[in-house]
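Here is a briefing for a reader who is new to this structure. Please have the sequence and the model at hand.

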Amino acid sequence: MPDLAGKTALVTGAGNGIGEAIAVAFADEGADVAVADIQLDAATRTAEKVRARGRRAVALAADCGDVPSILQMVARTVAGLGRLDIVVNNAGISRSADIMDLTEHDWDRMLRVNTKGVFFCLQAAARQMIRQGDGGRIINIASISGRGWPLASNAIYAASKGAVVALTATAAQQLGRHDINVNSICPGVTLTDLVTKVYEGRVAESGKTVDEQVAVAEQSIPLGRVNTPQDISAMAVFLASAGGRNITGQCYNVDGGLVSN
């Protein structure tokens, strides 16, 4: 039997990249999936991939920096799929910038989605799981940037992801009595549209094409390769599965060995 048979999952930022890979991987393991993204057409494409695997799916337009939108997203997940067993807080934003070039607008924009959004998605999901009375799994997508990796896209992004790491530990302590596991995944360099945009923003500064920057990154990785989104989805499946039933409050680097803490 697939690891997630009979489970219902909500994945934010699931229109492409890591979120899409996680939604599809969950479907492969038997879960029904609510696919949320700020762009409904992107969410719809991923939902179609979930249905192609024989699972139920709902596509949701959601702004994960807006609390009313978050509450509606969770309510529509339950209305469409009946319950909520797993949530993956994946939605996030960044840009490539030196610390001296960042603005108040950058701070507000990134913290709104990457930190505030993760907290209120976690809270709304936990409330639903507590009502159901049979536990659940919450998986936050952080970053090795939040654990001191020196090549973060920018300092504000690093701060926002460091907050997610801290939130994960505290939430795990406080939700454990409800049998809700809370863990986070810290991806390293992962080939997604977001990362490609960061590299594109560094072309003029570095004098290297995107492919050349990726090659340089791989030279610094002990295993010699960057992540694909499927590397992250494999960890998410494990944490959501029976194998992860007694793991909580942890943060797992998936980075080829770049960061060891």
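This is a predicted model: local features need pLDDT of at least 70, side-chain atom pairs count only at pLDDT 80 or more; totals for chains, interfaces and linings use all residues.

Residues are numbered from 1 along each chain as its sequence is written, and side-chain values use heavy atoms, with hydrogens and water left out.

**Helix α3 against helix α4**

- Helix α3 covers residues 67-81 and helix α4 covers residues 104-132. Helices are DSSP runs of H or I with at least four residues, strands are runs of E with at least two, and both are numbered from the N terminus.
- The axes of α3 and α4 come within 10 Å and cross at roughly 35°. Axes are lines fitted to C-alpha atoms, for helices over the stretch in contact, and angles run from 0 to 180 degrees between N-to-C directions.
- The crossing of α3 and α4 is right-handed. That term means that the near helix is turned clockwise from the far one by less than a right angle.
- On the α3 side, the contact is made by Val67, Ile70, Leu71, Met73, Val74 and Val78. On the α4 side, Lys116, Gly117, Phe120, Cys121, Ala124, Ala125 and Gln128 take part. Contact means heavy atoms within 4.5 Å.
- By class, this contact of α3 with α4 has 10 nonpolar, 2 polar and 1 charged residues. Ala, Val, Leu, Ile, Met, Phe, Trp, Tyr, Cys and Pro count as nonpolar, Asp, Glu, Lys and Arg as charged, and the others, Gly among them, as polar.

**Helix α4 against helix α5**

- Helix α5 spans residues 155-175. The axes of α4 and α5 come within 9 Å and cross at roughly 15°.
- That angle makes α4 roughly parallel to α5. Angles under 35 degrees count as roughly parallel, over 145 as roughly antiparallel, 65 to 115 as roughly perpendicular and the rest as oblique.
- The crossing of α4 with α5 is right-handed.
- Residues of α4 in this contact include Trp107, Met110, Leu111, Phe119 and Ile130. Among their counterparts in α5 are Ile156, Tyr157, Val164, Leu167 and Leu175.
- By class, the contact of α4 with α5 has 15 nonpolar, 3 polar and 2 charged residues.

**Salt bridges**

- The count comes to 9 salt bridges. A salt bridge is a side-chain nitrogen of Lys or Arg within 4 Å of a carboxyl oxygen of Asp or Glu.
- Asp28 and Arg53 form one of them, at 2.7 Å from N to O. Asp28 lies in helix α1 and Arg53 in the loop between α2 and β3, so the pair ties together parts that are 25 residues apart in sequence.
- Asp28 is partly exposed at 46% relative accessibility, and Arg53 is partly exposed at 39%. Buried means under 20% relative accessible area, exposed over 50%, and partly exposed in between (1.4 Å probe, protein chains only).
- Arg55 and Asp32 form a salt bridge at 3.2 Å, N to O. Arg55 lies in the loop between α2 and β3 and Asp32 in strand β2, so this pair ties together parts that are 23 residues apart in sequence.
- Arg55 is partly exposed at 26%, whereas Asp32 is buried at 7%.
- Asp32, Arg55 and Arg56 are linked in a network of salt bridges.
- Asp106 pairs with Arg95, with the closest N and O atoms 2.8 Å apart. Asp106 is in helix α4 and Arg95 in the loop between β4 and α4, 11 residues apart.
- Asp106 is buried at 5% relative accessibility, whereas Arg95 is partly exposed at 30%.

**Single residues**

- Val35 sits in strand β2. Val35 is buried, at 0% relative accessibility.
- Leaving aside neighbours within four places in sequence, Val35 is in contact with residues including Val11, Ala23, Val50, Val58 and Leu60.
- Gly148 is found in the loop between β5 and α5. Gly148 is exposed, with a relative accessible area of 57%.
- Asp179 lies in the loop between α5 and β6. Asp179 has a positive phi of about 60° although it is not a glycine. Asp179 is partly exposed, at 47% relative accessibility.
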